[in-house]
Amino acid sequence: MGDDLGHDDIYLNIKRLVEPDTYSDGDDDGDLDKETVAALRSNVVVEDDEKVVKRKHEIDKGQTEVETKRKRNRKTRQASIREIAFQNQSIQANYLWGCSTKALTNNLPNATNLGRQFDPSCIRLFDSKNERSDNNMSDHYKSLLSMKKLKKWRIPSSPMVVIICISARRCVSVRKALLPMKVKCGKLFAKHLDIDEQKHMLQSQKPGIVVGTPNRIRKLCEDGSLSFSSTELIVIDGQEINGAVNVCTLNDTSTDLFSLLKEYVQREWKMTSDNRSKSGERLKLAIY
């Protein structure tokens, strides 16, 4: 019992030092002299202050690291193609040229000729005021094209509009979204039709619009079954996979896309600049 009481006295003295208001009974601090009490209280305050300062430093350091990371992300984050599609012609041309340079140099190590840089005058703009989705896609195309001319299109192997998508599945979705336009829309992707059937379709049905993937469109251009000599608009569909890659940045599609543009679209532009043809004056690029 004696030892227990002694320990109780020490505990009560410490409690009075740390929480004097709780155990207030005048100026009496038990058996401790005033100098000892003052020193102990001072040590407690100093220790508490050090903890507060240390904690504040940790918080400030953490906030600084978070803000630095945010700034770094803002600097390194590249705008999505859907965001680019609402920008002016110069920004879109620069975006396409950056993607083209990266795709051709990374995936074709021996490539020395990257083609000519995209000129802003070669870019056509969809309406930037209204939101874009599959639900109103046909309205956007109607506002950009001459529907009268599109419905009367009868030029074999050279559609008026060529839409390039990231995948066959996306091509199916785009064709479905364009049904309200009530025009012929050819399929140039590796699904439903083989390449020979697509060649025949381009020659006999003379569609005003075709939707396809970069690889299949490029193959058809290579053997002469598809030409851009009369084409007026090539649309790069901005569908993204997981919000990360699109037809311009995905390795499986970007090389074919920009090789196609370099070899066949820029050829039309060059022929126009050399006064050998006026087809390049009509031929434009657009991002949806």
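Author: For sorting residues, Ala, Val, Leu, Ile, Met, Phe, Trp, Tyr, Cys and Pro count as nonpolar, Asp, Glu, Lys and Arg as charged, and the others, Gly among them, as polar. This is a predicted model, in which local features need pLDDT of at least 70 and side-chain atom pairs pLDDT 80 or more, while totals for chains, interfaces and linings use all residues. Residues are numbered from 1 along each chain as its sequence is written, and side-chain values use heavy atoms, without hydrogens and water.

Reader: What is the volume of the largest pocket?

Author: Rolling a probe the size of a water molecule over the atoms shows where empty space is left. A pocket is an open set of points on a 1 Å grid over the protein atoms alone, where a 1.4 Å probe fits, with protein on both sides within 12 Å along at least five of seven lines; lining residues have an atom within 4 Å of a point. Volume is the space filled by probe spheres set on the points, which are joined across faces, edges and corners. Here the largest pocket has a volume of about 160 Å³. Ten residues line this pocket, and Cys 99, Lys 102, Ala 103, Cys 248 and Thr 249 are the closest to its centre. The lining divides into three nonpolar, six polar and one charged. Helices (DSSP runs of H or I, at least four residues) are numbered from the N terminus, as are strands (E, at least two). Helix H4 (89–107) and helix H10 (251–273) each give two or more residues to the lining, and H4 supplies the largest share, five residues.

Reader: Which residues touch the most other members of the largest nonpolar core?

Author: In soluble globular proteins, nonpolar side chains tend to be buried together. A nonpolar core is a set of buried Ala, Val, Leu, Ile, Met, Phe, Trp, Tyr and Cys residues joined through side-chain atoms within 4.5 Å; buried means under 20% relative accessible area (1.4 Å probe, protein chains only). In the largest core, of 40 residues, those residues are Leu 96, Phe 118, Ile 217, Phe 228, Cys 248 and Phe 258. A second, separate core of 25 residues includes Val 161 and Met 181.

Note on methods:
Buried < 20%, exposed > 50% of the residue type's maximum accessible area, 1.4 Å probe, protein only.
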